[in-house]
Amino acid sequence: MGEQTMKMEVENLSQGYGDTEILRDISFSAESGELLTILGPNGCGKSTLIKTLCNVKRPRTGTVTIDGEDATHMDPKALARHIAYVPQTISSFGYTTVYDLVLIGRKPYVEWNYSSEDLGIAADAMIKMNVHAYADKNVQEMSGGQRQRAFIARALAQQPDFYIFDEPTSSFDLRNQLDTMRIMRRMIKEDGACLVVALHDLNLAIRYSDRVMVLNDKSIYDIGKPEDVITSKMIMDVYGVSAEIVEDSHGLFVRSFDSDDDLVEDRA
């Protein structure tokens, strides 16, 4: 990771469940050093796309390639060295401690036993995500936010080329949302990895993304720099909400309006 530029390319991807088409003709790319955020309303296919990128669900049509190699043809252990996946909800993970959970992130590199280097990488990942104080705690006994941080720490220990996260901040309070996005942005810049993340929060997307991609009506509504894509028109077209993009000394942010034209806190 970080030694050469890696590129994930999605070409003409379609996906669905049974007779229901969820995504149609999706094409985009993501590469080392980039934070790409996927936006869109509930039910637009963000989670389905994330699962397809990770090969949890195989494409109906089209391809997902990593440096030209079809991800569906990769050995699972090799794929795990390229991609670390954190799902939106983690309901159960058996009886295991936080330390054991994070250490699992090193399995793609292990032949027989964990090395001292593996143990150190796992410990460093727990410190980065501030779960080291819970190292011996059963994962099932943790709060939703603590558990999510532990799973992100496992992904960090995996040291992949691509982090693929589905709503990783959904269980977090405001401070932990900001901390997590800041940590991940710093890491991908320093290590030359890539983060593809599905989010609901438009303001997090504006603040931390290099590019954003908006899904709507089964396809890509727009993709590009946050300031070019997150506009009043997009928010109305995709979310059906009136909003303005405001700039102050801290940068751009979305300010939305309720049906009575009163300003309300953005909850997109």
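This is a predicted model: local features need pLDDT of at least 70, side-chain atom pairs count only at pLDDT 80 or more; totals for chains, interfaces and linings use all residues.
## Nonpolar cores

Start with the largest nonpolar core, which has 52 residues. The members touching the most other members are L39, Y163, F165 and I230. Helix α5, spanning residues 144-158, gives the most to this core, with 7 residues. There's also a second, separate core of 29 residues, with L23, I26, I50 and I83 among them.

L39 is a handy place to look around. Setting aside neighbours within four places in sequence, its contacts include L199, L202, A205, V212, M213, V214 and L215.

## How α4 sits on α5

Helix α4 covers residues 116-128 and packs on α5 at an angle of about 140°, the two axes being 8 Å apart. That angle makes α4 oblique to α5. As for handedness, the crossing of α4 and α5 is right-handed.

On the α4 side, the residues involved are I121, A122, A125, M126 and K128; they meet A153, L156 and A157 in α5. Sorted by class, this contact has 7 nonpolar residues, 1 charged and no polar ones.

## Two positive phi angles

N12 isn't a glycine, yet its phi is positive, at about 50°. You'll find N12 in strand β1, residues 7-17. N12 counts as partly exposed because its relative accessibility is 46%.

D67, also not a glycine, has a positive phi of about 50°. D67 sits in the loop between β4 (61-66) and β5 (69-70). With 43% relative accessibility, D67 counts as partly exposed.

How values were computed:
Residues are numbered from 1 along each chain as its sequence is written. Side-chain values use heavy atoms; hydrogens and water are left out. A nonpolar core is a set of buried Ala, Val, Leu, Ile, Met, Phe, Trp, Tyr and Cys residues joined through side-chain atoms within 4.5 Å. Buried means under 20% relative accessible area, exposed over 50%, partly exposed in between (1.4 Å probe, protein chains only). Helices (H or I, at least four residues) and strands (E, at least two) are DSSP runs, numbered from the N terminus. Contact means heavy atoms within 4.5 Å. Axes are lines fitted to C-alpha atoms, for helices over the stretch in contact, and angles run from 0 to 180 degrees between N-to-C directions. Angles under 35 degrees count as roughly parallel, over 145 as roughly antiparallel, 65 to 115 as roughly perpendicular and the rest as oblique. A crossing is left-handed if the near helix is turned anticlockwise from the far one by less than a right angle, and right-handed if clockwise. Ala, Val, Leu, Ile, Met, Phe, Trp, Tyr, Cys and Pro count as nonpolar, Asp, Glu, Lys and Arg as charged, and the others, Gly among them, as polar.
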